[in-house]
Amino acid sequence: MGGYRPGMSELLRRQVQPGEDGVRLDVLLSGWLDESRSRSQARISGGQVTVDGQALSKSTKAQAGSTVLVLTAPPRPKPVPPTVEIRYRDDDIVVVNKPSDLVVHDGAGVRGATLVDALRAQGVPLAPGEDPRRPGIVHRLDRGTSGLLVVATSPAAMTALKAVFADHSVHREYWALVEGFLEPPMATIEAPIMRSTSNRTAFTTGDGGRHAITHYTTVAFHRDTSEVEVTLETGRTHQVRVHLRAVGRPVAGDALYGATAARSKALGLTRQALHARRLAFDHPVTGQRIDITEPLPPDLAEAQRRASL
């Protein structure tokens, strides 16, 4: 088997039944494993599939009574997660400063370390939730967005925080650097958000989407950019980025939502200029008011400096 490597383990061993006689190997495998045909073809071409001990082609017709063996390589170990700065911690919650380029939790397409991995590595207990991939997580920041995020470390806090976010009583304030100038300089954007039909990694506004409300105030004008303070009433995926794009003022550095490459380069940006700088809420267990502000990280402070020149 050309694709075999030490450490590979047995994923499936199955005998071809009379009713499956003559079916192409890739078709058969796709059905058995409930995966796409292209994924099964990749397994076959990678030498991870044998029929009666022989590695065959994807178009091989299965014969009743033959034994099909599927091997799989062990999962690659995740890289060591970065150390995440903690801004507040008690027995029920932690408030962290999430760096950019760090995904909050595991999911489809996630390959690297996550915020959940980082907190576990730092010995932070995370409250169990409905999804085992998201312990302690009640809200998220996009991968390229930096800033403040609260995580539940006790079951009581997990339940209460979900309710607090559901009734929109958390103050979430963002700093954004946008292309051009918003007119009017202070307004509310109310537009439903839905997944894009042309790009499954992006979202857009449109009828049939989920209700979404964003408030913004321009706090500084520069030559071709503006600094904007944004607060959210709702928490839809990519909400700030989608709403600012919808009014023709994409977040600088945000190529997914229309930011220009030349301007991003001039500002030194390699990600969207979006930072969750303030988080304020009543503690879900004690009722104590928590109000934390996080300064801009170095890359966004540098973009701010360049914009003001």
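## Strand pairing and the sheet

Two strands are said to pair if DSSP finds at least two bridges between them. In this predicted model, strand S1 and strand S3, the latter covering residues 67–72, run antiparallel and are joined by six bridges. Within this part of the structure, arginine 14 stands opposite valine 68 in S3.

The sheet as a whole is open and is formed by three strands in the order S1-S3-S2, with antiparallel pairing. Strand S1 (9–15) and strand S2 (49–51) each have a single partner strand and stand at the edges, so one side of each is left without a neighbour in the sheet. From one strand to the next, the twist averages 15°.

## Two helices that cross

Two packed helices are described by the angle between their axes and the distance between the axes. Here, helix H1 (residues 25–33) and helix H2 (residues 37–45) have axes that come within 8 Å and cross at roughly 115°. Because of this angle, H1 is roughly perpendicular to H2, and H1 passes H2 in a right-handed crossing.

On the H1 side, the residues that meet H2 are Leu25, Asp26, Val27, Leu29, Ser30 and Leu33, while H2 contributes Arg37, Ser40, Gln41, Arg43 and Ile44. Sorted by class, this contact of H1 with H2 has five nonpolar, three polar and three charged residues.

## How helix and sheet meet

Helix H1, which crosses H2 at roughly 115°, also lies across the strands S1, S2 and S3, and its direction is at about 110° to S1.

Note on methods: Residues numbered from 1 in each chain as written. Predicted model: local features only at pLDDT ≥ 70, side-chain atom pairs only at ≥ 80, totals over all residues. Heavy atoms only, no water. Axes fitted to C-alpha atoms, helices over the stretch in contact; angles between N-to-C directions. Helix = DSSP H or I, 4+ residues; strand = E, 2+ residues; numbered from the N terminus. Parallel < 35°, antiparallel > 145°, perpendicular 65-115°, else oblique. Left-handed = near helix turned anticlockwise from the far one by under 90°. Contact = heavy atoms within 4.5 Å. Nonpolar A, V, L, I, M, F, W, Y, C, P; charged D, E, K, R; others polar.
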